[in-house]
Structure formats: C-alpha cells, structure tokens
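Colleague: Could you walk me through this model, feature by feature? I would like to learn how to read it.

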Amino acid sequence: MRKTVAIDGPAAAGKGTISKAVAQHFGFAHLDTGLLYRAVGAKVLQGIDPVEAAKALTAEDLEADNLRTPEVAQAASKTAVVADVRAALVDFQRAFARRAGGAVLDGRDIGTVICPNAEVKLFVTASAEVRAERRYLELSGKGHSDTREEVLADVKARDERDMNRAEAPLKPAEDAVLIDTSDLSIEDAVAKAVAAITAKD
Ligand code: C5P
C-alpha cells in the first residue's frame with residue numbers, strides 16, 4: 001500500500017512518539033524530518049555553509065550523536081528559514097513519502113508543502129508548558145543541565161520562528177485532523193492517531 005501519513009506540529013508535542021507507534025502499527029516506514037534540519041544545523045555550528053550542508057547531506061550525518069541537543073535544535077530552526085536549505089531537502093522527503101509499503105513523515109510542513117496529497121494528515125499539538133515539561137524531563141534524563149525555564153524559552157523561541165517564517169511556516173493543513181496531547185497519555189494519543197488513519201482507509 002502506498003499510503004502517506006503526514007504528521008506535523010510544534011516541538012515536543014508528541015509527534016515522534018506517535019509517528020514511531022503508528023509506523024509500527026501499520027508496518028509503514030518512518031522519517032523524522034526534523035533530523036534533516038538538525039543535521040544541517042549541526043554542520044552550520046561547525047562553520048559549514050547551510051545550503052552546501054543541505055545539498056551534501058548523507059545518511060551517516062543523520063546518525064551523529066549530538067543531534068538531540070538544544071543548541072543543535074536552535075541551529076536547525078535558524079537554518080530552516082532559508083528557502084534554499086528547504087528546497088535541497090524536498091526530493092529526498094517526497095521520494096521517502098511515496099515508497100511502496102507506506103510511509104509516515106513527521107515535521108512542520110509535511111501536510112502543507114512536502115506531501116499536500118498525503119492520504120492522512122495529523123496535526124499534533126499541546127500547550128507550550130506541557131511540551132516544555134516533557135522536553136525538560138527528556139533532557140534531564142540524558143544528563144543535560146538546562147533548567148525548566150531555559151527549556152520553555154527554547155521551545156517558545158523555536159515555535160515563534162517556525163510559525164512566523166515566510167517559507168513553509170508551521171500550521172495545520174486545512175484537512176488535518178487535530179490531536180491535542182496536553183491531557184492525553186501516550187497510549188490514548190497513539191490510539192487517536194491510529195483511529196484517524198484507519199478512518200481514512
Ligand atoms: O522536529 P525537530 O524538533 O527535530 O525539528 C528541529 C527544527 O527543524 C524545527 O524547530 C524546525 O525549525 C525545523 N523543521 C522544519 N521542517 C520540518 C522539520 C523540522 O522546519 N519538516
């Protein structure tokens with residue numbers, strides 16, 4: 001089945017967890033498109049030109065172990081405003097989306113720009129406070145020393161930049177199903193996503 005599931009939403013809303021779970025449930029491949037921008041951001045922090053970095057991105061770059069840090073997240077969202085960076089990453093994402101067997105892509109512009117014809121579009125969100133608390137727990141669990149306030153400020157700064165940029169801003173596609181995970185357990189959020197995807201069969 002060549003079904004594409006597009007999952008968009010702001011940082012730490014639960015997109016990654018939901019995407020992995022639905023990909024496993026339906027046997028689809030999963031691409032976390034944020035990793036592409038994080039890999040470019042990490043290269044920019046090393047002094048490489050953002051557009052060159054995006055054009056030369058390799059599968060290996062997506063496995064660098066520093067991609068989940070707050071510094072790289074900020075660098076990713078700063079480079080993600082550059083039109084030529086985004087353009088360099090389009091073909092790879094579209095090819096992935098159309099692979100046989102079905103694909104789940106999560107990011108910011110999947111349902112609006114990358115895959116406007118996706119069979120299913122979900123917009124996963126949660127309040128900034130809930131998202132920041134989740135990211136704080138994740139980071140402190142990995143030994144990062146960022147405070148709750150710093151993590152909340154980081155999440156808000158990225159939301160602001162991602163929603164207000166000219167190129168592919170973060171917003172729900174008109175036909176997206178909204179899932180607010182603020183008061184949902186992981187199991188309930190995944191169940192809602194699975195139900196929304198099943199309903200489009
Ligand atoms: O999803 P994640 O937090 O890993 O994304 C890092 C940054 O990459 C986001 O803040 C956003 O600026 C950018 N991004 C994007 N478009 C996507 C995925 C991520 O602009 N499809």
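Colleague: How far does a polar side-chain atom of Arg-108 lie from an oxygen atom of the ligand?

Modeller: A polar contact is a pair of N or O atoms within 3.5 Å. Here, the distance for Arg-108 is 2.9 Å. Arg-158 also places a polar side-chain atom 2.8 Å from a ligand oxygen, and for Arg-38 the N or O atom in the side chain is 2.5 Å from one. The protein covers 97% of the 450 Å² of accessible area (Shrake-Rupley method, 1.4 Å probe) that the ligand has on its own.

Modeller: A word on the basis: this is a predicted model, where local features need pLDDT of at least 70 and side-chain atom pairs count only at pLDDT 80 or more, while totals for chains, interfaces and linings use all residues. Residues are numbered from 1 along each chain as its sequence is written, and side-chain values use heavy atoms, leaving out hydrogens and water.

Colleague: Which residues of helix 7 are buried?

Modeller: Buried means under 20% relative accessible area (1.4 Å probe, protein chains only), and helices are DSSP runs of H or I, at least four residues, numbered from the N terminus. In helix 7 the buried ones are Ala-128, Arg-131, Ala-132, Arg-135, Tyr-136 and Leu-139.

Colleague: Why do they line one face of the helix?

Modeller: Seen down the axis of helix 7, the buried residues fall within an arc of 135° (taken from the directions from the axis to the C-beta atoms), so they line one face.

Colleague: Which helices do the buried residues of helix 7 pack against?

Modeller: Their partners are helix 2 (34-45), helix 4 (70-79) and helix 8 (148-164), with contact meaning heavy atoms within 4.5 Å.

Terms used:
Buried means under 20% relative accessible area, exposed over 50%, partly exposed in between (1.4 Å probe, protein chains only). Helices (H or I, at least four residues) and strands (E, at least two) are DSSP runs, numbered from the N terminus. A polar contact is a pair of N or O atoms within 3.5 Å; within protein, one must be able to donate a hydrogen and the other to accept it, and residues adjacent in sequence count only if both atoms are side-chain atoms.
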